[in-house]
Amino acid sequence: MINVEIDGKRVEIEAGRSVIEAAHRAGIYIPHFCYHNKLSIAASCRMCLVQIEKVPKPVPACATPVSEGMKILTNSEMAVKAQQGVMEFLLVNHPLDCPVCDQGGECQLQDIAVGYGGGVSRYR
Ligand code: FES
């Protein structure tokens, strides 16, 4: 077992687990699309980007293993900016009113766009 800190909360977790699993154990939600605990890690959507202390760029929480003493920030300026940037790219060619989609109103993309998107796109 090792100790990590996520948004100021200490979590004890087995070595080799991922940052997103540690966050879930701490009760902290990290937005994600491609991660599922019963599937292999694809790390393709990049929605789960977080900041790790002493790491110069955001890292995907689903594909980053925890290490002893790691300090993770899920809502720092760097993490939020990264998540908003990913959301903006995901929505470049995707409307959010989705008039023809069966998932309209119960859509994870819409939910995460509202919760973690930037609100305004620079693309038309
Ligand atoms: S959840 Fe898709 S990259 Fe981590």
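Predicted model: local features only at pLDDT ≥ 70, side-chain atom pairs only at ≥ 80, totals over all residues.
Residues are numbered from 1 along each chain as its sequence is written.

Let's start with the big picture. The chain has 3 helices and 5 strands; both are DSSP runs numbered from the N terminus, with at least four residues of H or I for a helix and at least two of E for a strand. Reading from the N terminus, the order is β-β-α-β-β-β-α-α. The radius of gyration of the chain is 15 Å, close to the 14 Å that the globule rule gives for 124 residues, so the chain is as compact as a globular protein of that length. (That radius is taken over C-alpha atoms, and the rule is 2.2 Å times the number of residues to the power 0.38.) Along its principal axes, the C-alpha trace spans about 50 × 30 × 20 Å.

How much of the chain is buried? Of the 124 residues, 31% count as buried. Here, buried means 20 or more other C-beta atoms within 10 Å of a residue's own, exposed means 12 or fewer, and partly exposed is in between, with C-beta atoms placed from the backbone.

Now for the strands. Strand 1 (residues 2–6) pairs with strand 2 (residues 9–13) in the antiparallel sense over 5 bridges; strands pair if DSSP finds at least two bridges between them. In this pairing, I2 stands opposite I13 of strand 2. The hairpin has 2 residues between the strands, and D7 takes a positive phi near 50° there. Strand 1 also runs parallel to strand 5 (residues 71–73), joined by 2 bridges, and E5 has K71 of strand 5 as its bridge partner.

Finally, look at helix 2 (residues 77–90). At 1.5 Å a residue, its 14 residues should span 20 Å, and its end C-alpha atoms are 20 Å apart, which agrees. (The expected span is 1.5 Å times one less than the number of residues.) Which residues of helix 2 are buried? They are A79, A82, Q83, V86 and M87. Seen down the axis of helix 2, these buried residues fall within an arc of 135°, so they line one face of the helix; the arc is that of the directions from the helix axis to the C-beta atoms. An α-helix has 3.6 residues a turn, so residues three or four places apart point the same way. The face of helix 2 turned away from its buried side carries the exposed residues E77 and F89.

Conventions
Expected span 1.5 Å × (residues − 1).
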